[in-house]
Amino acid sequence: MRPERRDKLAAEVRAALEALIPGSSTAVRGSLAAQTADSYSDIDLCWVVGDENFTAAVSAAEGLAAKLPSVLSVRVDPGLARSERRRLVFVRLARVPLFWRVDLDIRARSVAADDSYDDGSPLARDATGWSPPASAIENAIAAVKSGVRGRADVTSGLLSRGYERIGLVPRPDAGLTELIAVLAESCARLEPGLAAMASEVREVAETLLAPPGPPA
């Protein structure tokens, strides 16, 4: 989880995207751009393409999993899934930490400067293809991240929403590591394709969040 490795990965993804649509441009955003990222920060990118190339760019991004063996999954944020000028795509890559998901904001050049374009628009929303288990396991991963950062209120909210998404109630007496592992494994039972990710979530949670042992 070395920051320089994540920076190299971000540069490689940016180069790959710009090669897909000649004349397009990418930029890092969020904590990476602000230089406030820690080891657990994800990779936020903005990809600006010509308005005439927007549909092609979305198709290219959604088809990455079939083209690149390093891509495990590509999911589109339902809140912008029907927007005609902006999409938010979540890309998971193989052989990198769970926390380093690529969050790709694709924008037509005409709205490139509008960070809130189509946010909250009912016409832009479409939940098709975004299953509750796939969404809930992302909550489990985010809960590991916020737990490591010591943000108890955020962690609790993430887990509550994750369990709610798949119709379960968390055990009130369970510890944090168990709550995260059970949520992830429940998602995998509902959607078997998430099994490998669930196993990794449990392993990472147990490694990073296990309570310290008794003093020697």
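This is a predicted model: local features need pLDDT of at least 70, side-chain atom pairs count only at pLDDT 80 or more; totals for chains, interfaces and linings use all residues.
**Overall fold**

The protein chain contains 8 helices and 5 strands. Read from the N terminus, these elements follow the order α-β-α-β-α-α-β-β-β-α-α-α-α. The radius of gyration is 18 Å, close to the 17 Å that the globule rule gives for 216 residues, so the chain is as compact as a globular protein of that length. Along the principal axes, the C-alpha trace spans about 60 × 35 × 30 Å. Buried residues make up 46% of the 216 residues in the chain. Of the contacts with a separation of 6 or more, 61% are between residues 24 or more positions apart.

**Nonpolar core**

The largest nonpolar core has 54 residues. Within this core, W47, I106, I180 and V201 have the most contacts. Setting aside neighbours within four places in sequence, I180 is in contact with A140, A143, V144, L159, V201, A205 and L209.

T155 is a residue of helix α6, which covers residues 152–165. With a relative accessibility of 4%, T155 counts as buried, because the limit for that class is under 20%. Not counting residues up to four places away in sequence, T155 touches A143, S146, G147 and L176.

**Helix α8**

Helix α8 consists of 15 residues, 195–209. At 1.5 Å a residue the helix should span 21 Å, and its end C-alpha atoms are 21 Å apart, which agrees. The buried residues in α8 are M197, A198, V201, V204, A205 and L209. Seen down the axis of α8, these buried residues fall within an arc of 130 degrees, so they line one face of the helix. A196, E203 and T207 are exposed on the other side of α8. The packing partners of the buried residues of α8 are β4, α5 (132–148) and α7 (176–190).

**Salt bridges**

Side chains of opposite charge can pair when their charged atoms come close. The structure holds 17 salt bridges.

| Pair | N to O distance | Accessibility of each residue |
|---|---|---|
| R2 and E4 | 3.4 Å | R2: 52%, exposed |
| D105 and R86 | 3.0 Å | D105: 6%, buried; R86: 6%, buried |
| R171 and D173 | 3.0 Å | R171: 44%, partly exposed; D173: 57%, exposed |

D105 and R86 meet in a salt bridge at 3.0 Å. This pair links distant parts of the chain, with D105 in strand β5 (residues 102–108) and R86 in strand β4 (residues 86–93), 19 residues apart. D105 is buried, at a relative accessible area of 6%. R86 is also buried, with a relative accessible area of 6%. Both residues belong to a network of salt bridges that links R29, R86, D105, R107, D115 and D119.

In the pair of R171 and D173, the side chains meet at 3.0 Å, N to O. R171 counts as partly exposed at 44% relative accessibility, and D173 is exposed at 57%. R2, which forms a salt bridge with E4, is exposed because its relative accessible area of 52% is over the 50% limit.

Methods:
Residues are numbered from 1 along each chain as its sequence is written. Side-chain values use heavy atoms; hydrogens and water are left out. A nonpolar core is a set of buried Ala, Val, Leu, Ile, Met, Phe, Trp, Tyr and Cys residues joined through side-chain atoms within 4.5 Å. Buried means under 20% relative accessible area, exposed over 50%, partly exposed in between (1.4 Å probe, protein chains only). Contact means heavy atoms within 4.5 Å. A salt bridge is a side-chain nitrogen of Lys or Arg within 4 Å of a carboxyl oxygen of Asp or Glu. Helices (H or I, at least four residues) and strands (E, at least two) are DSSP runs, numbered from the N terminus. The expected span of a helix is 1.5 Å times one less than its number of residues. The arc is that of the directions from the helix axis to the C-beta atoms. The radius of gyration is taken over C-alpha atoms; the globule rule is 2.2 Å times the number of residues to the power 0.38.
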